[in-house]
Amino acid sequence: MSESGKSDGAFRTIGEVAEMLGLPQHILRYWETRFPQVKPLQRAGNRRYYRPADVALVQRINQLLNQDGYTIKGVQKQLAEEARKGGVTVPPVSPLRAIRDALALALVEDARRSA
């Protein structure tokens, strides 16, 4: 379990991820435009849900940008290099995985509405 009370494999909202990183939500939305690897699930109303791999990726981007001093272009190059070497990036989501994630998310939303 993480400090938010969710299991480590749980989906996170953009607000939860932004709070975890100490960043405003618009920065995460901006990163989606600059880093094609950042692809959270989007539900009705464009509500974003980050899988654990998405969270790990934005944590890596945050580290490179805000702690290691890379530029956006530098982080893009670094992530491309890591992908080439088989490093830390989000693998492409297979269609079956996308369906599974969408169903899991629907169950979470249904449970939230029922509570």
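Guide: What follows is a close look at one helix, then at the parts around it. Before we start, keep in mind that this is a predicted model: local features need a pLDDT of at least 70, side-chain atom pairs count only at pLDDT 80 or more, and totals for chains, interfaces and linings use all residues. Residues are numbered from 1 along each chain as its sequence is written, and side-chain values use heavy atoms, leaving out hydrogens and water.

About that pLDDT: it is the predictor's confidence in each residue, from 0 to 100. Its mean for the protein is 84, and 85% of the residues reach 70 or more. Confidence is highest in helix α2 (residues 25–34), with a mean of 96, and lowest in helix α5 (residues 95–114), with a mean of 73.

Now for the overall layout. The protein has five helices and three strands, and along the sequence they run β-α-α-β-β-α-α-α. Helices (H or I, at least four residues) and strands (E, at least two) are DSSP runs, numbered from the N terminus. Of the 115 residues, 32% are buried. Here "buried" means under 20% relative accessible area, "exposed" means over 50%, and "partly exposed" is in between, using a 1.4 Å probe and protein chains only.

Our part is helix α4. With 13 residues, α4 reaches 18 Å from its first C-alpha to its last, close to the 18 Å expected at 1.5 Å a residue; that expected span is 1.5 Å times one less than the number of residues. Its buried residues are Gly74, Val75, Leu79 and Glu82. Looking down the axis of α4, you'd find them within an arc of 130°, so they line one face of the helix. (The arc is that of the directions from the helix axis to the C-beta atoms.) There is a simple rule to go with this: an α-helix has 3.6 residues a turn, so residues three or four places apart point the same way. Turned away from the buried side of α4 is a face with the exposed residues Lys73, Lys77 and Arg84.

Let's zoom in on glutamine 78, which sits in α4, residues 72–84. Glutamine 78 is partly exposed because its relative accessible area is 22%. Setting aside residues up to four places away in sequence, glutamine 78 touches Arg60, Leu64 and Tyr70, where a contact means heavy atoms within 4.5 Å. Take leucine 64: it is 14 residues from glutamine 78 along the chain, and their C-alpha atoms are 8.7 Å apart. Just after α4, glycine 86 has a positive phi of about 80°.

What do the buried residues of α4 pack against? They pack against α3, residues 52–67. Helix α3 has 16 residues and reaches 21 Å from first C-alpha to last, close to an expected 22 Å. Its buried residues include Val55, Leu57, Arg60 and Leu64. The cover over the buried residues of α3 includes β1, α1 (14–21), α2, β3 and α4. After α3 comes glycine 69, with a positive phi near 80°.

Two of those covering elements, β1 and β3, take us to the sheet. Three strands make an open, antiparallel sheet in the order β1-β3-β2. The edge strands are β1 and β2 (41–43), and each pairs on one side only. Two strands count as paired if DSSP finds at least two bridges between them. Between β2 and β3 (residues 47–50) there are three bridges, in the antiparallel sense, with glutamine 42 partnered by arginine 48 and arginine 43 by arginine 47. These two strands form a hairpin with three residues between them, and glycine 45 in the turn has a positive phi of about 70°.

On the other pairing, β1 and β3 share two antiparallel bridges. Threonine 13 lies in β1, residues 12–13, and its bridge partner in β3 is tyrosine 49. Threonine 13 counts as buried because its relative accessible area is 13%. Beyond its neighbours within four places in sequence, threonine 13 contacts Arg47, Arg48, Tyr49 and Tyr50.
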